[in-house]
Amino acid sequence: MKTQGLLLGLLLLGGTAVSITSCESEEKRLASEMAGVWTGTPDTFTDSQAVTATITDTYCFSPDSALLSGKKYPIGPVEVTSQIQMNTQVLASGDAQEPLSLSASAIASVRGTWTVTDDDEVSLAFDPQTLTVAIDPDQVASAGGMIGTQPSVTIDSMKPQVAANLERNLHTALQTRFSGTRIMEDVKVKGNMLKYEAGDRDFVLTRRM
């Protein structure tokens, strides 16, 4: 009886080990499939400063050391580079002037870590201190020619200041966008397509060759 009990215990232990190994392999399989560069579709967001932006994110999931070290949860660095088209308005100071509509292009980037926490779930944690935003003053355009009531104050002469103000507003908005932990749920990789859910929304990324 003792021998039978020992054999049964070994069988149960062996079954548990197989189950854990299988779970780990599924997490590592997902991590290996996700490693690389993926581009999303344009997404729109606004901030409290009446800035409306269309942002296209490109994710770079670097191969993670956990695949080599055998840790249960694969974890590695991630960097997001964003191409941004933004629009806003500058209110004129004179009664006779209409608000000036502005558009600009920007590039932003932020770094953090990605962790595969399940066979179809990935946690993203970004470091707000790594966030950078750059707007080329030459890419600032307007639907008008001047700001305020003085004809000599043209948008061309104000472009560096306008670009700096837009950078500050966009930086604040993106800090909120990338703050906290973001969870990618129901992650599926099929060929060059990566699909996932986040905040009750569906997202699709395309692998860059």
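Lys195 is found in strand S10, where strands (E, at least two residues) and helices (H or I, at least four) are DSSP runs numbered from the N terminus. With a relative accessible area of 46%, Lys195 is partly exposed; that label covers the range between buried, under 20% relative accessible area, and exposed, over 50%, with a 1.4 Å probe and protein chains only. Leaving aside neighbours within four places in sequence, Lys195 is in contact (heavy atoms within 4.5 Å) with Asp186, Val187, Lys188, Phe203 and Val204. Thr206 sits 11 residues from Lys195 in sequence, and the two are 8.9 Å apart in space, C-alpha to C-alpha.

All of this comes from a predicted model, in which local features need pLDDT of at least 70 and side-chain atom pairs count only at pLDDT 80 or more, while totals for chains, interfaces and linings use all residues. Residues are numbered from 1 along each chain as its sequence is written, and side-chain values use heavy atoms, with hydrogens and water left out.

Strand S1 (residues 36-39) has the highest confidence, at a mean of 97, and helix H1 (residues 2-34) the lowest, at 55.

As for the overall layout, the protein has 3 helices and 11 strands. From the N terminus on, the elements run α-β-β-β-α-β-β-β-β-β-α-β-β-β. Of the 209 residues, 32% count as buried. Among contacts with a separation of 6 or more, 62% are between residues 24 or more positions apart.

Asp186 is found in strand S9 and has a phi near 50 degrees, a positive value in a residue other than glycine. Asp186 counts as partly exposed, because its relative accessibility is 30%. Asp200 also has a positive phi, of about 65 degrees, although it is not a glycine. The place of Asp200 is in the loop between S10 and S11, and at 84% relative accessibility Asp200 counts as exposed.

Strand S5 (residues 100-118) has several pairings, where two strands pair if DSSP finds at least two bridges between them. S5 and strand S6 (residues 121-126) pair in the antiparallel sense over 6 bridges, and the two form a hairpin with 2 residues between them.

Ser123 lies in strand S6. Is Ser123 buried or exposed? Ser123 is buried, because its relative accessible area is 16%. Not counting residues up to four places away in sequence, Ser123 touches Thr113, Trp114, Thr115, Thr117, Thr181, Arg182 and Ile183.

A pocket, on a 1 Å grid over the protein atoms alone, is an open set of points where a 1.4 Å probe fits, with protein on both sides within 12 Å along at least five of seven lines, and lining residues have an atom within 4 Å of a point. The largest pocket has a volume of about 330 Å³, a volume being the space filled by probe spheres set on the points, which are joined across faces, edges and corners. Of the 18 residues that line the largest pocket, the closest to its centre are Asp43, Arg177, Arg182, Tyr196 and Phe203. Strand S3 (52-61), strand S9 (181-190), strand S10 (193-198) and strand S11 (201-207) each supply at least two residues of the lining, and S11 gives the most, with 4 residues. By class, the lining has 10 nonpolar, 3 polar and 5 charged residues, where Ala, Val, Leu, Ile, Met, Phe, Trp, Tyr, Cys and Pro count as nonpolar, Asp, Glu, Lys and Arg as charged, and the others, Gly among them, as polar.

Notes
pLDDT = per-residue confidence, 0-100.
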